[in-house]
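Subject: Structure for you to look at

Hello,

Please find the structure below. My notes on what was found follow after it.

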Amino acid sequence: MQKLKNAESEYGQQFRNLQIELRERWQKIEEFDSGDCDIIVIPSISLDQQEMQKVPGAYHYEERHLFSLIRLRNPRTRLIYITSEPLHPMIIDYYLQLLPGIPFSHARDRLLLFSTYDASAKSLTQKILERPRLMERIRQAVRSTKCYMVCYNSTSLERELSVKLGIPLWASDPDLLYWGTKSGSRQIFAESGVPYPDGSELVWNVADLAEAAAQLWERQPHLQRIVIKLNEGFSGEGNAILELKPIANTAHSEKVKLISDCFLHLRFQATGETWENFSSRIPELGAIAEAFIEGSEKRSPSVQGRIVPSGEVEILSTHDQILGGPDGQIFLGCRFPADESYRLALQESGRKIGHNLAEKGALEQFGIDYVAVRQEDGKWDIQAIEINLRKGGTTHPFMALKLLTNGRYEGSTGSFYSQQGRPKYYVASDNLKKERYRGLLPNDLMDIIADNQLHFDSGTETGTVFHLMGCLSEFGKLGLTSIGNSQQEAEDIYNKVVKVLDRETS
């Protein structure tokens with residue numbers, strides 16, 4: 001154990017030295033995305049692998065990062081993309097042909113693909129670390145001294161890989177991961193002066209969780225529900241709902257006992273989850289109890305930003321999230337941009353939180369989820385729920401929009417404009433999933449796209465771009481981003497895709 005701690009300490013210092021090098025190399029936002037550079041893309045979802053098993057086709061989510069190919073628009077940029085299993089050549093061709101103004105062959109020559117040929121339930125980064133010869137080939141493939149790694153999320157595994165390759169990672173130091181947990185998020189909100197729901201401190205066992213839930217209920221006697229959250233859960237899969245209605249208003253000790261008994265009947269948001277499994281994760285991941293925000297008109301907006309190596313904070317986008325599951329806790333997709341009545345308020349809140357994260361040393365992408373409830377006076381009460389100190393489900397749709405239009409996000413309005421000055425809108429999902437879609441190959445999808453003119457039209461800058469195509473045949477699951485010149489047009493384009501796929505697989 002001591003040997004492991006010493007190794008992590010050594011990696012930590014070397015990692016920080018590499019990040020200092022990254023910070024010194026780029027001083028301004030406009031310099032960061034330009035110039036001669038080699039970029040190594042590690043699309044590893046290095047989250048708790050037991051929790052990841054709740055997501056059908058989880059390892060195919062490595063494909064979501066393929067929108068990093070946007071960087072090949074710069075004719076001097078090279079991209080090294082690594083996956084668990086080889087990508088279907090048609091999927092690669094599909095993305096490269098979307099690049100505006102760059103010949104396909106020129107972009108393809110600057111893209112290097114590597115694979116571990118390992119579909120096991122481990123994170124991709126771990127698979128790479130277990131293959132020293134593969135690491136050596138990656139190291140040899142890097143030509144430019146100006147290079148960096150990007151990843152989905154940064155853990156001790158990504159830190160170790162960065163150090164062993166000698167390549168800086170543009171992501172937060174894993175020592176900062178706490179600020180992306182449920183309890184860490186709540187602390188950041190408090191420090192930033194951002195409203196957030198009442199809730200508990202982090203606890204590590206069921207008895208303390210029952211005590212924390214009882215104290216929360218006593219502070220908020222009109223609560224109808226409490227959300228129990230695993231501290232390191234994601235996409236709502238680690239959440240459960242505790243109903244308070246049937247519990248009598250009794251003394252504190254009785255409340256604790258009644259709540260403990262009700263844990264057996266929690267309503268889990270992840271399909272197939274049980275109290276036996278959920279409770280076994282609490283000593284490992286920690287948990288919190290948080291007030292469930294009620295409202296007759298309620299939405300779940302989010303804001304995305306990034307912190308560049310110079311320390312500047314840039315707001316990238318806002319979204320209204322599309323949620324599902326028993327109580328609307330599971331992320332299914334999103335609409336861009338967020339509602340006009342609160343998107344600027346989201347940006348301001350996100351900027352405050354971003355500066356707090358930057359002061360703590362965070363880097364690269366972050367996202368903040370909120371709950372918005374319309375009040376009687378028509379105004380929206382907006383409360384922050386959690387921070388994702390990583391890329392998320394809203395990252396790749398926005399990258400798709402940039403890839404396809406080469407436009408710009410205007411912070412003064414919270415809108416995105418194409419080069420022709422048209423405001424753009426989209427509806428996106430990672431979870432278009434139906435049993436009837438199983439067995440469709442990428443080639444079949446391409447035929448359906450072509451026959452029904454579902455592809456993105458560069459002339460009108462409207463249409464649909466697809467992702468997670470490798471997930472389709474085995475799991476009947478597909479991702480898509482439908483882009484329009486109005487929110488209604490984006491919705492109509494999305495619905496047309498679903499209608500066509502349903503008809504073609506009937």
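At 32% relative accessibility, Phe-104 counts as partly exposed, a class that lies between buried (under 20% relative accessible area) and exposed (over 50%), with a 1.4 Å probe and protein chains only. This is a predicted model, in which local features need pLDDT of at least 70, side-chain atom pairs count only at pLDDT 80 or more, and totals for chains, interfaces and linings use all residues. Residues are numbered from 1 along each chain as its sequence is written, and side-chain values use heavy atoms, with hydrogens and water left out.

Phe-104 lies in helix α5 (residues 104–109); helices here are DSSP runs of H or I with at least four residues, strands are runs of E with at least two, and both are numbered from the N terminus. Leaving aside residues up to four places away in sequence, Phe-104 touches Asp-93, Leu-96 and Gln-97, where contact means heavy atoms within 4.5 Å.

Next, helix α17 (residues 487–504). Its 18 residues should span 26 Å at 1.5 Å a residue, and the end C-alpha atoms are 26 Å apart, which agrees; the expected span is 1.5 Å times one less than the number of residues. Among the buried residues of α17 are Ile-493, Tyr-494, Val-497 and Leu-501. The cover over the buried residues of α17 includes β12 (330–336), β17 (423–433), α15 (442–451), β18 (463–467) and β19 (477–484).

Regards
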